[in-house]
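Here are my notes on the model, point by point. Please read them with the structure open.

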Amino acid sequence: MGLITTTGDSSATPLRTPLPSSSDASSQDSWVTSRLDFLVNWARSSSMWPMPFGTACCAIEFMATAASRYDLARFGMERLSFSPRQADVLICAGRVPFKLAPVIRRIYQQMPQPKWVISMGACASTGGMFDNYAVVQGIDTIIPVDVYVPGCPPRPEALMYAIMMLHRKVQTERMSDTSLRREIEPDTNSHLYIDPSRIDELSEPFGNSVHQTRSAP
Amino acid sequence: MSTSFPPYKSPMPGSAREAAGLPEPSTPRNVPHHGGAENPSVSALRERFPEAVVRSHVMWGETTVFVTVDAVHAIIRFLRDDTAHAYNYLVDVTAVEYRDGDQPLEVVWHLRSLPWQRFLRIKVALEPGAALEVPSITDLYAGADWIERECYDMFGITFAGHPDLRRILMWDTYREGHPLRKDFPLRGRFSRAEQLSQALSIDSSGNYTMNELSIAEAFNDLPEDMKQRLRGALGGPSPEGTSPEADKEGKQ
Amino acid sequence: MSRRTIEMAVGTAGLDAMGRPIRAPLSVRERGGLAVEAPYEPDMEGDHMLINIGPQHPATHGVLRLVLELDGETVVRCVPHIGYLHCGFEKIGEYRQYNQIIPWTDREDYLNSIGNNVAFVLGCERLFGIEITPRCTVLRVIAMEMSRLMSHLVWMGTTCIDIGAFTPFLWLYQERENLYNLLEGWVGARLTTSATRVGGMAADVPDGWMDGLKAFIRNFPKTLDESDRMLTRNGIWMGRTVGIGALTAEEAINCGLSGAMLRASGVAYDVRKDFPYLDYETYDFDVAVGTSGDVYDRYLVRIEEMRQSIRILEQAVQRLPDGPVNVDDPRVILPPKTNATSQMESMIHHFKLVMEGPRPPIGEVYVPVESPKGEKGYYMVSDGTSKPVRWRIRPPAFVNLSAIPRMVEGHLLSDVIAINASIDIVMGEIDR
């Protein structure tokens, strides 16, 4: 698939992990790095900027979650980042047909590390009731997924529970584990690959969101 | 704060019906399966186009007229322009393929007369083996543009005279055929992995160039090689296992 | 490619109904305006710039993709690309029994799910030759008008966000949550309701439910008036909407538009009045009609439609009769569960209905309803089996969206967002 990254095995992660402590003999981390991990993870999980990839019914429930009654701002997530370059967590809400598959993959690749993915709803997770010629049977065939939310569509409470699960997962991450955050190497053989010089060419004279400035001399 | 609206302008729905003194429309009740009052436009069509009207019937209160494929454009133009009928609103263009392969594939036009508050269904039967081609009515109704493109995409019916007959729902290089045909399996012809790899290789920036954008309005001005390429993307080589009709249609 | 330039207008050519200048009048020359040189712009390769909006963009309300060709900030050409949410509804419908299709109608226009349920079973009942009970008729009217309110609330909230007002979104969504609560009390689901069955409803309303609806009818107009006061005479709102994306009545009819899009252009076509269903001709309500067909008129028409929906709901609550909800016809309606386990005949009916499904006679129907987006109809063809040969959705938003190049060309880039919002698109219905 062109992806060589992993984001860990969510099933193996205990939901409630005790705080890292220096007395843990199995841990190779020092007291300083484990405390630093805790600080970084606390900061990351407390203000995740979601990238709502809303396609269908689940997007309406996502809007309900963000609106006044359920108030996503309680999780530090009220800043919906519609630009993938400034987002932390991709919330795929709704069914993903084949025609949309390259789009969601490109959006995932445009997000900077560290990044997480919530697959909201039955259609995004498994294809749901759309077992036919047009719909991708689960977005995990395209991009890695951290949390699956069941429901058709999930209630806002279910989405908030998924967000809290993701927080717990983030809090167990270690900076020393480099495999978690290996950057994706662009697959130059892929049809989606665009040569950087071509990007410059397309984006002249305004620059683009990759470089933010004019890159070619 | 309440908002007031000025009186209606023309064309006012129901105006012709009121002028003719016909009763107000009401919710239909106990509609018979067959029979009932036929749409008065049908007898006018029989008079005007005696050879083109094949048959007509009233089913569940809706009148259906079967016409020949050569005359369908003239008939719809007549129905739209004649003030005694004034079918000025195109509801839908679609097609029906029956499970029984011997039955003809039907192309359906749903027309509506706003002034007369009437509804008429026009059908053309395309016998098995016949070319899947009907005239386009985009010159009569601008709204037919996308509806006919969708019908082409889903059934492979060519609308002759359509200015921009491309796929609309599936991507341009979709290779599996026309999904709503009965010989098309529910889960597609290819395996899931093949479908996904083909989908991921869609060139999503293919429509960024000026030339691609010009297709809609200036297809004929394009160089010959680009026309060829676009035709390939439209019809495309037929995948394995397509029906003889689809093969024939692909060669056209 | 031929070079195009835009004449800049000097003078008062191109005024809208309010006396404001229409922006970037492309047709100035025809009206005798004066053509001047375009202002200097940086030397770009080629004359025009291409800009791609979507398919993942918050202002496209889903996964619409617009490729725009710009001259400066003026849209010269707009090419929409759709199909990014094509999920094969119509194909799936050919593999499902009539009652089994109802869950798909929820997810097709998901802002209007219970209205779609009603629209679908109305078609089925014509196809089966069933007359529904009086109580069911009124309950369905309540369902359809609630659904219209829910759809218009989302439309108004998202349009506010697109144009730059965030607060009404929060107010209106609070009201939508109240409607969610009502629906949850009735059918158990917030969004995907599947509330109807061929020949009746999945459930009658529970005791005391009508009190909740009456409270909503009492309180909702206040919220609506607040938003109305905030927006309707707001200078920014009017500046962004008045005179933008106007279509004449003839154009709108020719393009096949329906719903608020058509009525804003001055055509009083409402399926509830012109082709009534569910006894809509006996309710006292008005059809809101605009004059200039611009974004502002569409907004006014939809606001007025919400008020009329409240009127219809009031009348429906008053006239709701007692009696059974489902028809007494064992061919289509499941027998009571207690009978199915105790009486042989009921058990056989139960078994046959679940395993084989109800079978309509050979025939075809097209039953239109007035959905919040416009004229929605389900065209169903039966060959006598328990599954339809063809299940066609007449998508109002699809036809409305097809007129977007006609509306945006000649306007500024920022107006594209307002025009697109005014169409009230829902991609689930457009792509199906």
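1. At what angle do the axes of helix 11 and helix 16 of chain C cross? The crossing is roughly 30°, and the axes of helix 11 (residues 295-319) and helix 16 (residues 413-422) come within 9 Å. Axes here are lines fitted to C-alpha atoms, for helices over the stretch in contact, and angles run from 0 to 180 degrees between N-to-C directions. Helices (H or I, at least four residues) and strands (E, at least two) are DSSP runs, numbered from the N terminus.

2. A word on provenance. This is a predicted model: local features need pLDDT of at least 70, side-chain atom pairs count only at pLDDT 80 or more, and totals for chains, interfaces and linings use all residues. Residues are numbered from 1 along each chain as its sequence is written, while chains are lettered from A and ligands numbered from 1 in the order in which they are written.

3. Back to the pair in chain C. Helix 11 and helix 16 of chain C are therefore roughly parallel to each other; angles under 35 degrees count as roughly parallel, over 145 as roughly antiparallel, 65 to 115 as roughly perpendicular and the rest as oblique. Helix 11 of chain C passes helix 16 of chain C in a left-handed crossing. A crossing is left-handed if the near helix is turned anticlockwise from the far one by less than a right angle, and right-handed if clockwise. On helix 11 of chain C the contact uses C:V295, C:R298 and C:Y299; on helix 16 of chain C it uses C:A418, C:I419 and C:S422. Two residues are in contact if their C-beta atoms, placed from the backbone, lie within 7 Å. By class, the contact of helix 11 with helix 16 of chain C has four nonpolar, one polar and one charged residues. Ala, Val, Leu, Ile, Met, Phe, Trp, Tyr, Cys and Pro count as nonpolar, Asp, Glu, Lys and Arg as charged, and the others, Gly among them, as polar.

4. Is helix 16 of chain C largely enclosed or largely open? Eight of its ten residues are buried, so helix 16 of chain C is largely enclosed by the rest of the structure. A residue is buried if 20 or more other C-beta atoms lie within 10 Å of its own, exposed if 12 or fewer, and partly exposed in between, with C-beta atoms placed from the backbone. The buried residues of helix 16 of chain C include C:D415, C:N420 and C:S422. Their cover includes strand 2 (65-71), strand 3 (74-81), helix 4 (134-163) and helix 11 of chain C. After helix 16 of chain C comes C:D424, with a positive phi near 60°.

5. Two further backbone points in chain C. C:L278 is not a glycine, yet its phi is positive, about 50°. C:L278 sits in the loop between helix 10 (271-274) and helix 11 of chain C, and is buried, with 22 other C-beta atoms within 10 Å. C:R432 also has a positive phi, near 50°. C:R432 lies in the segment after helix 17 (427-431) of chain C and counts as buried, with 27 C-beta neighbours inside 10 Å.

6. Chain A has a cis peptide bond. The bond joins A:C152 and A:P153, with omega about -5°. A:P153 lies in the loop between strand 4 (147-149) and helix 5 (156-171) of chain A.

7. Chains A and B. Helix 3 (residues 101-110) of chain A and helix 5 (residues 192-200) of chain B pack at about 65°, with axes 8 Å apart. The crossing of helix 3 of chain A with helix 5 of chain B is right-handed. A:A101, A:P102 and A:R105 meet B:L196, B:A199 and B:L200.

8. Chain C against its partners. In the contact of chains A and C, 27 residues of chain A are in contact with 29 residues of chain C. Against chain B, 63 residues of chain C are in contact with 51 residues of chain B. Strand 6 (residues 363-371) of chain C gives the largest share of the side of chain C that touches chain B, four residues.

9. Confidence in chain B. The mean pLDDT of chain B is 78, and 76% of its residues reach 70 or more; pLDDT is the predictor's confidence in each residue, from 0 to 100. Over residues 1-9 of chain B the pLDDT stays under 50.
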